[in-house]
Amino acid sequence: MTADLHTHSTASDGTFTPTKLVEAAHSLGISLLALTDHDTTAGVSEALAAARRLGMGFLPGVELSAEGPPGKCHLLGLGIDPNYPCLIETLRQLSQKRHERNLKIVGRLNALGITITMEDVVAHAPQGANIGRPHFAATLVALGAVADTKEAFARYLGDEAAANVEKETLSPAEAIALVHEAGGLCFLAHPGLLRRSQHETHESRVRALTALGLDGIEAYYSSYTPANEAFFLRLAEKLGLLVTGGSDFHGANKPDVPLGVVRDGQPLELTLLPSRLRALAVA
Ligand code: AMP
Ligand code: MN
Ligand code: MN
Ligand code: MN
């Protein structure tokens, strides 16, 4: 019995449709899957229907980008009610802000001499996708402006690159409260990838988020070393936090990250996940 509680579909920046993602997980023998698209739950109902058809456990989820005290981070909401009105309305507003940001990115690329329109980006993204920088990267490759995604981020789209525009997000406190209101548990995603300020440790950041209501941290993650995993398991135990885990699968948009794998080709055993989290499965 294995699980993968961090995956993306074509509803955000993955390349598998929700149905194809669930089918792929099922064929790998995964018994509990969470769909955690960036700032959207648009893929959840399709994934849930596929999981029900296949008799597979499923957790509706979302990965929220957050910025504000105590710092920038990604938060996973797991076991949320995807139809909770306040959640839907907040995600709709974030999507609108994302659209405004996308238009600014187009403007910056144009100013850098690249002929690209928002229509080009929409045409190169899956239908209904919550469009972001990975879709810009794919479009720049398709237009021949860059050789590959790596070059697209290095030259134009990366956090410090010339065409990037900061994304408007919720604060960590708002994101955690929203996940709780929607009935879910809130976890710090990939704490190993946090960008910390000089005086900060992982522990101080996680403690600050815990004071805001954080339920747990992602202690199992595809890019962790065994030492990272052990460190975050110890930290969770020390602070009385739950743990979750997943691959962060994006299909062809992260070709080095296979579905269901959290370390050296190994899956995540379902029994390593807390029962409070497993109890939120709906399919
Ligand atoms: P956005 O939400 O539009 O800011 O896009 C963020 C997404 O872009 C992340 O979730 C990653 O999937 C992807 N991404 C960010 N930086 C890079 C990078 N340097 N190379 C490839 N993909 C990246
Ligand atoms: Mn992504
Ligand atoms: Mn993330
Ligand atoms: Mn992710």
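A quick definition before the close-ups: donors are N, O and S atoms within 2.8 Å of the metal (3.2 Å for Na, K and Ca), and since water is not among the atoms, sites may look incomplete.

This is a predicted model, where local features need pLDDT of at least 70 and side-chain atom pairs count only at pLDDT 80 or more, while totals for chains, interfaces and linings use all residues. Residues are numbered from 1 along each chain as its sequence is written, chains are lettered from A and ligands numbered from 1 in the order in which they are written, and side-chain values use heavy atoms, with hydrogens and water left out.

**View 1. Four residues hold the manganese ion (ligand 4).** Look for H6 (NE2), H8 (NE2), E63 (OE) and D248 (OD), which coordinate this ion at 2.1 to 2.2 Å. Along the sequence, these donor residues follow the spacing H-x1-H-x54-E-x184-D. H6 belongs to the loop between β1 and α1 and D248 to the loop between β7 and β8, so to speak of distant parts of the chain: the pair is 242 residues apart. (Helices, H or I with at least four residues, and strands, E with at least two, are DSSP runs numbered from the N terminus.) H6 is buried, at a relative accessible area of 0%, and D248 is buried too, at 3%. (Buried means under 20% relative accessible area, exposed over 50%, and partly exposed in between, with a 1.4 Å probe and protein chains only.)

**View 2. Meet the manganese ion (ligand 2) and its protein donors.** D13 (OD), H38 (NE2) and H250 (NE2) lie 2.1 to 2.2 Å from this ion. D13 sits in the loop between β1 (2-4) and α1 (18-27), while H250 sits in the loop between β7 (242-246) and β8 (261-263), 237 residues apart. D13 is buried, with a relative accessible area of 8%, and H250 is buried as well, at 4%. The manganese ion (ligand 4) is 5.0 Å from this one.

**View 3. Ligand 1 and some of its polar contacts.** A polar contact is a pair of N or O atoms within 3.5 Å; within protein, one must be able to donate a hydrogen and the other to accept it, and residues adjacent in sequence count only if both atoms are side-chain atoms. From R133, a polar backbone atom lies 2.8 Å from an oxygen atom of ligand 1.
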